[in-house]
Amino acid sequence: MNHTRARAIAAFASYCALPACASSAAVVVGSKNFTESIVIAELYALALERAGMRVLRRLNLGSTQITMAAMARGQIDIYPEYTGTALIDVLHHAPIRNPAQSYAYVRDVFARTYGITWLDRSPMNDSQGLATTQTIARRYHLRTLSDLAPIASRLRLATIPEFTTRPDGLPGLQRLYGGFHFASVRTYDISLKYEALLHGEADVATAFTTDGAIATEHLVVLKDDKHLWPAYNVAPLVRTPTLQRVPRIGPVLDALSPKITNAAAQAMNAQVESEDRDPADVAAAFLDTAS
Amino acid sequence: MNYLIEHPARVALLAGAHLALVAAALACALAIALPVGFALARSERASRAVLALLGALYTVPSLALLALLVQALGLGPAPIFVALVAYAQFVLVRNVLAGVHAVDPGQRDAAIGVGMSPLQRALRVELPQALPIVIGGVRIAGVAMIALATLGGYVGAGGLGSLIFMGFTLHHTDEIVAGSVAVCALAIALDAALRLAERLARAH
Amino acid sequence: MSGAAIRLSRVRARYPGAKQPAVDGVDLDLQPGEFVALVGASGSGKSTLLRTINRLVPIESGRIELDGSDVMELDPVTLRRGIGYAIQAVGLFAHMNVAQNVAVVPSLLRWDRTRIAERVDEMLELVRLDPLRYRYRRPSELSGGEAQRVGVARALAAEPRVLLMDEPFGALDAIVRRALQRELHGIVRAAETTTLFVTHDVREAQRLADRIVVMRDGRIEPPESEFARELFSDA
């Protein structure tokens, strides 16, 4: 059975899956609503399937709030989350600069408070950032965020709704760097982040540092010289009851995680977005070469 | 159009799921609208009040209603199913009312005269005669629901909406086009099928 | 089972918003099995009076009894199933065929299917409509006269104890009309059905009825009155 057929049937089955059904045998893998989240979720799902488990996919669900709610309801069992996001956005904790400490902290709190287990984290660091075009970077001499802070009032920002309210979003920038009062701030859906920038309707855009578009569109990501943004390492979140029911999830995903590096993530993201490839195919190709 | 050509089975499966969702919601909506419409037919004032209420419900932005329903019901087909049933009421109840009022008073009179109970009158005389107009309402509501159900892709309900929104997320125009074309095709097919049903009902 | 006795005492009925009552204090007794014709000009209240008996028109005051029971205390649905009702406008159900129309009341009374089928054929033959040709026709495919005949068949189908008829032969030509009058007369005699028959045709009344009652302006005219006598002298 080829991948497309399997995807199709899984998609249809996912449609029918209710929490009650999910607990009977299959493991449900979810994702947030951006390319990288979907690709990594596919990696997890494929790795589990290749290890003989039955997996249902419910991808492209929405923001962090939605995936956490879905976990709480038992509608998904696993999804990829970032240490920085969990720390700042979910737990509302101040940033922890040391990536290992940050990871340990969130793992501990999630286990106690949410009944969610953090499996091993990957080396990739998909940090938040601000990106601009090479032209604009040259014109205003922008290399770091400190360069941008004072002159933001001359520039237009394109961003996503989460960024305007997250403590580590625009408010965090304003507090740590000062300035950052853009001439205009317009929010877009997460998949349209770069459109405004590329079409000249914005000068700066919110970025995730592993976005494929950064490489393909030759964007400049400004250096976070004052270290507002801590590490955002991705790791599989698993509902603890599910992990107890299917302990093999742990070893399978722990074997996969070290292979997900920044370069790997950027490459896969670019393949999906610029080369129009199916996330499942890209993930499968990666697993084939990486094993 | 490449996606449609390369993945016809997948699109067909999603279209099937989409249609199943809409069909189920239509059936449920009709099961509510029929008794409500029949009950309202007795009172001009109650009809106006309820239709105003349903009209107000109809104008609530679908995304907002969906968000509220997801809070209550979680992700999956449930919130979109409820939203579809709710939105369909305005059209269906209005058409059931119109259908019942279109029944010749002489027919109603004769039904009373031969000794039918109110329920028997409704089932044996008024409903069969109101059927063409009721089916017309089902057609209008159904086509709207085919489109509305694409929002289900936003809340993990599957169907063609999930294809469209996935295309949106991944910047894959092909998938957006494929999903949209399939939705249009479904809507046209449903409209044609129900027009035929309407005509058959009228022939009686 | 023979016909019921019908007694109307000081019945008054008024249409909503009307200044004058359509039926203004009527006393009328029908013996079981009696055939009474109700004649009068249009607007005399005869049709309205007819419809108070099966509660299609509510009464303002007075009392109507069927075999001694106040009709207001009977379940209206059961009441109407026991009363055959045929009016000039007929009111055949447009979405049912002729057989289904005739079978309506027996089907409501849950007669078994064979009995219903036989009865339908019997009734159609009675009104001179060949069952083979008419069973599956739709009302829209019938002439005015054919529709009226089906209406009469429907009224008689369930062997009612009371028959209320309002110009049921209006659209029929003279020959068919005479034939049906004779058939009707024979049936209600044999079954002893109590019949109240509204007509403007005095001769038809004289042909069919045991007794003729004249109505004018919502009231019953005494038979010796000048109005009544003039009516009969023209006949």
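View 1. For the complex, the predictor gives an ipTM of 0.88 and a pTM of 0.78. Where pLDDT is low, the predicted coordinates should not be read in detail. Chain C has a mean pLDDT of 91, and 99% of its residues reach 70 or more. Within chain C, confidence is lowest in helix H10 (residues 226-234), at a mean of 75, and highest in helix H3 (residues 98-102), at 96; helices (H or I, at least four residues) and strands (E, at least two) are DSSP runs, numbered from the N terminus.

**View 2. The interface between chains A and B.** Of the two pairs of chains in contact, chains A and B share the most contacts. Here 24 residues of chain A are in contact with 23 residues of chain B. On the chain A side, helix H1 (3-16), helix H3 (35-50) and helix H15 (262-273) each supply at least two residues, and H1(A) provides the largest share, eight residues. The residues on this side of chain A divide into 11 nonpolar, seven polar and six charged, where Ala, Val, Leu, Ile, Met, Phe, Trp, Tyr, Cys and Pro count as nonpolar, Asp, Glu, Lys and Arg as charged, and the others, Gly among them, as polar.

**View 3. The interface between chains B and C.** In this view, 14 residues of chain B are in contact with 14 residues of chain C. Helix H6 (105-113) and helix H7 (118-148) of chain B are the elements that give two or more residues to the chain B side, with H6(B) giving the most, six residues. By class, the side of chain B that touches chain C has six nonpolar, seven polar and one charged residues. No contact joins chain A and chain C, and their closest C-alpha atoms lie 41 Å apart.

**View 4. Helices H2 and H9 within chain B.** Chain B has nine helices and zero strands, and its C-alpha trace spans about 65 × 40 × 20 Å along its principal axes. The axes of helix H2 (residues 8-40) and helix H9 (residues 173-203) of chain B come within 11 Å and cross at roughly 50°; axes are lines fitted to C-alpha atoms, for helices over the stretch in contact, and angles run from 0 to 180 degrees between N-to-C directions. H2(B) and H9(B) are therefore oblique to each other, given that angles under 35 degrees count as roughly parallel, over 145 as roughly antiparallel, 65 to 115 as roughly perpendicular and the rest as oblique. H2(B) passes H9(B) in a right-handed crossing; a crossing is left-handed if the near helix is turned anticlockwise from the far one by less than a right angle, and right-handed if clockwise. Val11(B), Ala15(B), His18(B) and Leu19(B) of H2(B) meet Ala178(B), Ala182(B) and Leu186(B) of H9(B), and the residues of this contact divide into six nonpolar, one polar and no charged.

**View 5. Helices H3 and H14 within chain A.** The axes of H3(A) and helix H14 (residues 249-256) of chain A come within 10 Å and cross at roughly 125°, which makes H3(A) oblique to H14(A). H3(A) passes H14(A) in a right-handed crossing. Leu43(A), Tyr44(A), Ala47(A) and Leu48(A) of H3(A) make the contact with Ile249(A), Val252(A), Leu253(A) and Leu256(A) of H14(A), and by class this contact has eight nonpolar, no polar and no charged residues.

Methods. Residues numbered from 1 in each chain as written. Chains lettered and ligands numbered in written order. Predicted model: local features only at pLDDT ≥ 70, side-chain atom pairs only at ≥ 80, totals over all residues. Contact = placed C-beta atoms within 7 Å. pLDDT = per-residue confidence, 0-100.
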